[in-house]
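Me: I would like to learn how to read a protein model, one feature at a time. Could we look at it together?

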Amino acid sequence: MLPSGACRILNQAEVLFVKQSFAAIILGGTGQVGGAAVAELLATSECREVVMVTRKPIAPRLRVRNVVLDTGVADFAERTATLAREVLSQGPASAVSCVGVGSGSILWSEEELLRLEVGVVGAFARGCRDAGIAQFCLLSAAGSTARSRFRYARVMGMKEDTVRNVGFARLAIFRPGIIVGNAHTPAWAGWLGSFVPGSFGNIDQRILGRSIAAEIASHSREAGEVTRENAAMKKLAAQFNNVS
């Protein structure tokens with residue numbers, strides 16, 4: 001026992017434990033934006049583990065745990081909750097959905113989009129909330145609203161409403177414009193986006209991924225809902241880069 005007022009020097013293992021203070025459970029982590037978010041989380045010393053929920057096994061990576069779940073089964077929410085409880089038993093954890101569709105989605109029906117964006121993401125969110133996870137990060141898109149005349153924006157808005165109604169203590173919605181550095185974004189779209197100001201213009205997917213990591217690392221104990229568009233994501237990523 002140390003004398004009153006004395007300080008003990010932490011050993012290397014203890015310092016590492018103090019820094020690695022959270023885990024992240026991510027759905028859609030094998031996609032373009034999801035991959036960027038995973039990379040940024042792994043670059044954060046406070047992140048003890050990234051748990052990637054996928055439909056197929058992925059290659060092993062340091063500090064990444066792959067859990068294969070069938071997202072189409074009726075009890076996907078319950079299976080997610082079981083996983084989330086186990087992750088939470090090891091310490092604080094947040095959840096992320098980077099589920100999104102690529103250029104091929106132009107051929108999808110609205111029903112197919114809803115099945116993925118609202119059905120699967122909604123079940124994932126409910127499972128995480130039932131397990132006790134307080135913070136949820138949701139990838140959406142600029143201009144999203146369930147009242148939109150445009151199919152994609154309307155589906156994204158319905159997804160936002162679905163996750164919002166789950167009732168997380170902290171919900172961060174990310175609404176990027178044109179995502180550059182992304183295999184699904186045509187070169188001409190990125191060029192055009194460079195002339196578009198504001199929330200519908202360009203944002204690099206690495207910055208988007210870093211802003212998600214920053215939200216988890218720096219704002220997990222805050223309450224309420226926050227919606228971040230291009231400018232806010234760039235600012236958050238830059239602040240995080242300066243302190244990490």
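This is a predicted model: local features need pLDDT of at least 70, side-chain atom pairs count only at pLDDT 80 or more; totals for chains, interfaces and linings use all residues.

Me: In which element does Ala 23 lie, and which residues does Ala 23 touch?

Reply: To place a residue, look for its element and then for its neighbours. Ala 23 belongs to strand S1, which covers residues 22-27. When residues up to four places away in sequence are left aside, Ala 23 touches Arg 48, Glu 49, Val 87, Pro 92, Ala 93 and Ser 94. Arg 48 stands 25 residues away from Ala 23 along the chain, and yet the C-alpha atoms of the two are 5.5 Å apart.

Me: How many helices and strands does the protein chain have, and at what angle do helices H3 and H4 cross?

Reply: The protein chain has 8 helices and 9 strands. To read a helix pair, take the axes and then the residues that meet. Helix H3 (residues 76-88) and helix H4 (residues 110-131) cross at roughly 40°, and their axes come within 7 Å. That angle makes H3 oblique to H4, and the crossing is right-handed. The residues of this contact divide into 10 nonpolar, 2 polar and 2 charged. On the H3 side they include Phe 76, Ala 77 and Leu 88, and on the H4 side they include Val 120, Phe 124 and Cys 128.

Me: How far apart are the axes of H2 and H7, and which residues meet there?

Reply: Helix H2 (residues 32-42) packs against helix H7 (residues 205-219) with the axes 8 Å apart and an angle of about 50°, which makes H2 oblique to H7. This crossing is right-handed. Among the residues that meet are Val 33, Ala 36 and Leu 41 in H2, together with Leu 208, Ile 212 and Ile 216 in H7. By type, the residues of the contact of H2 with H7 divide into 8 nonpolar, 3 polar and 3 charged.

Notes:
Residues are numbered from 1 along each chain as its sequence is written. Side-chain values use heavy atoms; hydrogens and water are left out. Axes are lines fitted to C-alpha atoms, for helices over the stretch in contact, and angles run from 0 to 180 degrees between N-to-C directions. Helices (H or I, at least four residues) and strands (E, at least two) are DSSP runs, numbered from the N terminus. Angles under 35 degrees count as roughly parallel, over 145 as roughly antiparallel, 65 to 115 as roughly perpendicular and the rest as oblique. A crossing is left-handed if the near helix is turned anticlockwise from the far one by less than a right angle, and right-handed if clockwise. Contact means heavy atoms within 4.5 Å. Ala, Val, Leu, Ile, Met, Phe, Trp, Tyr, Cys and Pro count as nonpolar, Asp, Glu, Lys and Arg as charged, and the others, Gly among them, as polar.
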